[in-house]
Amino acid sequence: MSDNITGFMGFEEFLSQAGTVICNKTKPYLIAAADVGDFHYINAECGYDIGDAVLKAIADFLRLFLPNMVLGCRSHSDHFIALVCIEDVDSERVLREVQRLKEMLKEIIANTAKGISPNLNVGIYFLHDSDSNIVAAVDKANIARRTCKGNYNLPCVVYSEHLMDIKENSAKILPLFDDSFRKEAIRVYLQPKISSETKKIVGAEALSRLVDSEGNVIPPSKFIAALEKTGKIVELDFYVLTFICKLIRKWIDNGLEPVTISFNLSRIHFYSNTVVEDICKLAEKYNVPPQYIEIEVTESVFFEASEMIVSKVNQLRDYGFKVSVDDFGTGYSSLSLIGVLPVDVVKLDKSFVKESLKSERGNELMKGLIRILNEIHLEIVCEGVETEEEERVVSSYGCDEIQGYLYDRPIPTDEFENKYIH
Ligand code: C2E
Ligand code: CA
Ligand code: CA
């Protein structure tokens, strides 16, 4: 049965025909799997008719601009699969081509969907001579597609066996997370933020860790992606927020001077209608003055700069929380965007800081950037500062706060309290 919206063949038909092609292949082929990041947001904001029009526009685009597509289908919702004939297996060339097509397609989607320009996740699997199982090949393209999510720097991900390891890792991580969550055994570490002027602590960031049954501490790089994929990141972030509310309450009750603690709010929260209310309710439950809580929102969330996100961030700030743009410099940072964003703090990402400090031009760029951010009264935190020299340089450029191994790594709360809270 063909698909009413796109006119493509159905998924079963695709598998059957593609299976025949790959069993008799004399030329190289690849399978591409693609989906529209946060497609449900287009449906929610613009209505289902426009959602359908976007799907049709994608199919028309593929027919027109992917002439080597032998077969294409929409497997379900906003997920597309294509079997493409290629001249040779050259991943560099494929990456460049995907990048070019994505840019064109994003513009077409924006024109169809009231200016919303979502990210497109694309996974590629190059078929080997020995590949005869089409379902397994499509699975591999989909594994690659899923690892693309949330990574705005990549045009697409090409499948490799290494990605399989990530998938297996998720199978271990999710039960460990569920168990730690139930037992309230997720660890929350704190990393201090130090004023460049006074060298005194002015805040801290809460960062989570899991601990496995052998007592090994598992870093976020091993579990955040899996939690984002399953939506469980929402539970984690509220766990961390609850933890810091209790901690600040305890400090106040014991007559100690609290510092503002920030936590990471994943992009997924912004699709919840109650996120603002939920956060405020927690602060109220523990009677924590909102100025002691800061919310870190990763830069890429703001790319959309949709009214929905801006309005939620505004409500959080109106309530009295500080809001920071996290990971600044890792995506397509836009200065014009920063000018209109309702935020208090910009956190320069450690990779951006490290890269900039390497060259003269990089230094100049960072100096100029910090100056501009200062002029529009944004607070600036430099992450990943590891040496005194780095600290000296970024402070001389006008950076307000330092967060980095030079002062401390993220440390367990009791250690943090002994060292910093008096
Ligand atoms: P992030 O928000 O950018 O946090 C800063 C990361 O930089 C932390 O890694 C910190 O340990 C590391 N870092 C700080 N200073 C230095 C330095 O001088 N050198 C180097 N090499 N690294 C430094 P961590 O704790 O591994 O966390 C990684 C990322 O995982 C965080 O990046 C954040 O995006 C995410 N994450 C951690 N905990 C949570 C959480 O509870 N919720 C959410 N949504 N994300 C979390
Ligand atoms: Ca952060
Ligand atoms: Ca960061």
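Along the chain, the donors of the calcium ion (ligand 3) are spaced as D-D-x55-E. The model is predicted: local features need pLDDT of at least 70, side-chain atom pairs count only at pLDDT 80 or more, and totals for chains, interfaces and linings use all residues. Residues are numbered from 1 along each chain as its sequence is written, chains are lettered from A and ligands numbered from 1 in the order in which they are written, and side-chain values use heavy atoms, with hydrogens and water left out.

The protein donors of this ion are D326 (OD), D327 (OD), E383 (OE) and E383 (OE), at 2.3 to 2.6 Å. Donors are N, O and S atoms within 2.8 Å of the metal (3.2 Å for Na, K and Ca); water is not among the atoms, so sites may look incomplete. D326 also coordinates the calcium ion (ligand 2), which lies 4.0 Å from ligand 3.

| Residue | Relative accessible area | Class |
|---|---|---|
| D326 | 5% | buried |
| D327 | 22% | partly exposed |

A nonpolar core is a set of buried Ala, Val, Leu, Ile, Met, Phe, Trp, Tyr and Cys residues joined through side-chain atoms within 4.5 Å. The largest one has 109 residues, of which I279 and L348 touch the most other members. Its largest share, 11 residues, comes from helix α8 (residues 233-253), helices being DSSP runs of H or I with at least four residues, numbered from the N terminus. Another core, apart from this one, has 25 residues, including I31, C73, I81 and Y125.

Conventions
Buried < 20%, exposed > 50% of the residue type's maximum accessible area, 1.4 Å probe, protein only. Helix = DSSP H or I, 4+ residues; strand = E, 2+ residues; numbered from the N terminus.
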